[in-house]
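Please look over the model shown here. The report below covers strand pairing, a sheet and the surroundings of a ligand.

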Amino acid sequence: MTVESVRPRAPQQQQTSPLREPPLAGGGVPLLGHGWRLARDPLAFMTRLRDHGDVVRLRLGPKTVYAVTTPALTGALALSPDYKIDGPLWESLEGLLGKEGVATANGPRHRRQRRTIQPAFRLDAIPAYGPIMEEEAHALTTRWQPGRTVDCTSESFRVAVRIAARCLLRGEYMDERAERLCLALATVFRGMYQRMVIPLGPLYRLPLPANREFNRALADLHLLVDEIVAERRASGQKPDDLLTALLEAKDENGEPIGEQEIHDQVVAILTPGSETVASTIMWLLQVLAEHPEHADRIRDEVESVTGGRPVAFADVRKLTHTNNVVVEAMRLRPAVWILTRRAVTDTELGGYRIPAGADIIYSPYAIQRDPRSYADNLEFDPDRWLPERVKDVPKYAMSPFSVGNRKCPSDHFSMAQLTLITAAVATKYRFEQVPGSNDATRVGITLRPHKLLLTPVPR
Ligand code: HEM
């Protein structure tokens with residue numbers, strides 16, 4: 001039932017136009033429409049859209065795109081079968097990373113692929129990853145030296161890739177390959193975002209140094225994935241992990257899935273898994289430096305739980321404040337700041353007509369900072385997630401992992417490692433930004449600080 005269907009409408013309107021056309025957002029300019037604003041300052045642009053309506057039309061060059069601006073309607077969009085994963089964001093990702101992985105597939109193939117990967121991410125599967133997460137979290141605190149500047153971008157990427165690769169694709173070879181994956185993914189993500197917002201087509205094929213670097217990194221990423229698959233097969237081993245599940249998966253007809261799909265699946269899991277976690281770790285380190293009072297509370301909480309021994313995976317569920325700091329950091333700086341869908345049929349949202357084929361966008365960043373959902377919306381206040389206050393948060397106003405059939409499979413996996421890393425580093429060090437550090441938000445495929453440089457100061 002649509003909103004319109006329960007509200008009386010003027011008889012004439014009912015005959016000719018049962019649903020309303022969403023209002024056009026203000027601020028468009030001839031030819032480029034809203035594109036220039038979206039390109040110039042996407043976060044501010046997306047944040048102001050709700051002032052124009054719950055669903056608004058945007059003109060991006062010749063194209064009309066719909067933006068959804070309320071928590072309830074983003075939930076309705078994500079849960080409705082009338083929309084699929086598609087649109088410019090996904091098309092450009094597919095072109096570079098493959099068409100057959102779970103992040104870009106739709107329909108029966110997507111359902112089958114989710115069934116294959118889901119067991120590796122189930123809540124009861126996560127404790128098996130505990131020892132690796134602990135090892136990697138504590139390795140950071142021993143690698144970092146008091147007084148020596150930490151480049152948070154490379155360090156966060158490194159630990160995120162290592163945890164994803166070691167936990168999900170296991171194998172000795174991973175330690176050295178994780179480093180290569182790190183380098184390749186950092187370059188690929190930078191180039192992908194550029195290709196998405198400045199689609200210069202053939203110019204990216206010119207033999208310029210930046211294009212060559214991008215192509216080399218992309219080729220190495222695909223080569224690495226081939227090596228990982230080949231080595232697992234050659235080993236003859238079948239540990240109980242995600243890679244084995246992918247290698248043994250069957251298609252809808254009960255036949256083994258093709259090589260391309262195996263390859264694309266590994267890419268589709270490693271790529272979202274590393275960039276998102278790495279960006280979130282960078283923001284958590286920034287938070288520890290900017291809010292020493294919360295860093296101190298984390299240290300006190302960890303010590304009261306551990307009695308002074310190194311924090312362990314099994315402690316994570318008792319670290320309430322640490323967890324709230326992670327959630328609050330994700331609220332204000334969600335790694336995934338924009339999401340898109342495409343309507344598969346003529347449909348509606350909030351009483352507005354959405355035509356088949358329309359692209360729809362929404363921004364978790366805008367939703368999670370909206371003063372209509374959060375008191376003191378821009379304040380960093382982890383206590384808003386305490387049980388007595390969390391009930392004030394409207395439904396779908398905090399969904400950094402999304403909801404519905406495309407919900408991130410890795411919410412438990414990610415929260416466990418983020419909480420453990422935050423606890424481990426905050427217990428050992430305080431952090432200070434050093435000259436040359438720039439923690440302004442850099443908008444790319446994810447949001448992260450431009451260049452966060454911190455000095456660890458022993459506690
Ligand atoms: C999908 C966020 C970590 C694998 C998604 C989506 C979001 C998201 C919002 C849904 C996209 C949509 O609705 O269109 C995050 C955040 C993370 C994180 C905030 C960490 C802070 C990870 C990790 C992995 C992973 C660690 C794997 C190791 C995936 C996959 C999908 C996905 C495979 C596609 C699911 C599908 O389409 O069925 N993620 N993610 N993510 N994520 Fe994550």
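Thr441 stands opposite Pro449 in strand E11. The two strands concerned, E10 (residues 438-443) and E11 (residues 447-451), run antiparallel and are joined by four bridges; strands count as paired if DSSP finds at least two bridges between them. A hairpin of three residues leads from E10 to E11. Helices (H or I, at least four residues) and strands (E, at least two) are DSSP runs, numbered from the N terminus.

This is a predicted model, in which local features need pLDDT of at least 70 and side-chain atom pairs count only at pLDDT 80 or more, while totals for chains, interfaces and linings use all residues. Residues are numbered from 1 along each chain as its sequence is written, and side-chain values use heavy atoms, with hydrogens and water left out.

**The five-stranded sheet**

Five strands form an open sheet in the order E1-E2-E8-E5-E3, with mixed pairing. Strand E1 (55-60) and strand E3 (83-84) are at the edges with a single partner strand each, so one side of each has no neighbour in the sheet. Within the sheet, strand E5 (residues 339-343) runs antiparallel to strand E8 (residues 359-362), and four bridges join them. Thr340 has Ile361 in E8 as its bridge partner. Helix H5 (residues 71-79) packs on the sheet and touches E1, strand E2 (63-68), E3, E5 and E8; contact means heavy atoms within 4.5 Å. The direction of H5 makes about 135 degrees with that of E8, where axes are lines fitted to C-alpha atoms, for helices over the stretch in contact, and angles run from 0 to 180 degrees between N-to-C directions.

**The ligand and its iron**

The ligand is surrounded by 28 residues, the closest being His110, Arg114, Arg341, Arg406 and Cys408; a residue is near a molecule if one of its heavy atoms lies within 4 Å of it. At least two residues of this shell come from each of helix H7 (107-121), helix H13 (259-290), E5 and H18. H13 gives the most, with seven residues.

Cys408 (SG) is the single protein donor to the iron atom of the ligand, 2.3 Å away. Donors are N, O and S atoms within 2.8 Å of the metal (3.2 Å for Na, K and Ca); water is not among the atoms, so sites may look incomplete. Cys408 lies in the loop between helix H17 (387-390) and helix H18 (411-428).

The table gives polar contacts, meaning pairs of N or O atoms within 3.5 Å.

| Side chain (N or O atom) | Ligand atom | Distance |
|---|---|---|
| Arg114 | oxygen | 2.7 Å |
| Arg341 | oxygen | 2.8 Å |
| Ser402 | oxygen | 3.2 Å |

Terms used. A polar contact is a pair of N or O atoms within 3.5 Å; within protein, one must be able to donate a hydrogen and the other to accept it, and residues adjacent in sequence count only if both atoms are side-chain atoms.
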